[in-house]
Amino acid sequence: MVQKADSVKINVNEELKVRAREFALKVVDETFDRFNYNRKARLEKIAWGKLGEEVFRYYLNNNGISVEIDYTIYPGTENTDSTDFVINNTSIDLKVGTKDFHKRLLVVKQYFDNGHQSDYYVGLNFYDKGSIAIIYGYATKEDVKKASVGKWDKINPVLDYTILYKDLKPIKELIDVLKK
């Protein structure tokens with residue numbers, strides 16, 4: 001676990017985990033497979049991503065920003081959502097880590113460079129089998145453009161823009177931006 005004074009810890013309840021798993025089961029065969037993972041790995045990636053969205057929604061709602069989560073199924077393996085949240089015409093993409101040793105916000109370089117960009121990227125990591133989530137902070141689109149590039153996934157080694165969790169801007173600053 002990365003130690004960062006301005007990070008936010010959130011306890012995750014079982015109901016949110018179940019909802020995320022159920023969604024993953026519904027969409028796994030109907031979604032874009034950007035990473036060429038096997039079905040089990042795709043199920044996990046989708047469920048963790050949706051659970052991350054639920055946690056971030058909870059945080060936003062508790063900070064006076066009302067949002068809902070898109071549970072739309074986009075039929076066809078070529079279709080994808082463009083970003084995780086849009087608030088006041090501001091796009092936010094959530095980047096979710098799931099291992100204790102994860103310490104970086106990763107943005108797929110090819111996807112970003114081909115125009116799939118959000119205004120902000122939020123780094124969140126799960127611990128204790130998903131019972132605890134830590135929101136480490138955020139980066140702007142400009143921060144990502146200037147970030148170092150590396151390969152981190154041994155199964156599918158794609159290039160990622162990389163920003164350490166400890167180097168992310170405080171999430172409370174993003175809340176202030178979104179409230180304007």
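Here is a walk through this predicted model, from its strands to a pair of helices and then its salt bridges. Because the model is predicted, local features need pLDDT of at least 70 and side-chain atom pairs count only at pLDDT 80 or more, while totals for chains, interfaces and linings use all residues. Residues are numbered from 1 along each chain as its sequence is written, and side-chain values use heavy atoms, with hydrogens and water left out.

Let's start with strand β5, residues 120–127. Helices (H or I, at least four residues) and strands (E, at least two) are DSSP runs, numbered from the N terminus. Eight of the eight residues of β5 are buried, so the strand is largely enclosed by the rest of the structure. Buried here means under 20% relative accessible area, exposed means over 50%, and partly exposed is in between (1.4 Å probe, protein chains only). In a regular strand the side chains alternate between the two faces of the sheet. In β5, Y120, V122, L124 and F126 point one way, and Y121, G123, N125 and Y127 point the other.

Who are the neighbours of β5? Strand β3 (residues 90–97) runs parallel to β5, joined to it by six bridges, and D93 stands opposite Y121. Strand β6 (residues 132–140) runs antiparallel to β5, with eight bridges between them; here Y120 has T140 as its bridge partner. Two strands count as paired if DSSP finds at least two bridges between them. The hairpin of β5 and β6 has four residues between the strands, and D128 there takes a positive phi near 50°.

Next comes an open sheet of three strands, in the order β4-β8-β7, with antiparallel pairing. At its edges are β4 (104–108) and β7 (148–151), each pairing on one side only. Neighbouring strands of this sheet are turned by 45° against each other on average, direction ignored. Four bridges link β7 and β8, and G150 stands opposite D160 in β8.

Now for the helices. The axes of α2 (residues 39–62) and α5 (residues 171–179) come within 11 Å and cross at roughly 65°. Those axes are lines fitted to C-alpha atoms, for helices over the stretch in contact, with angles running from 0 to 180 degrees between N-to-C directions. On the α2 side, F56, Y59 and L60 meet I171, K172, I175 and L178 of α5, contact meaning heavy atoms within 4.5 Å. The residues of this contact divide into six nonpolar, no polar and one charged. For that count, Ala, Val, Leu, Ile, Met, Phe, Trp, Tyr, Cys and Pro are nonpolar, Asp, Glu, Lys and Arg are charged, and the others, Gly among them, are polar.

Finally, the structure holds 13 salt bridges, each a side-chain nitrogen of Lys or Arg within 4 Å of a carboxyl oxygen of Asp or Glu. One of them joins R57 and E54 (3.1 Å, N to O). These two are three residues apart in α2, so about one helical turn separates them, and both are buried. Another pairs E14 with R21, their closest N and O atoms being 3.3 Å apart; E14 is partly exposed at 45% relative accessible area, and R21 is partly exposed at 42%. K169 and D143 form a salt bridge too, with closest N and O atoms 2.5 Å apart. K169 lies in the loop between β8 (159–164) and α5, and D143 in helix α4 (residues 141–146), so this pair ties together parts that are 26 residues apart in sequence. Shared partners also join E15, R19, E54 and R57 into one network of salt bridges.
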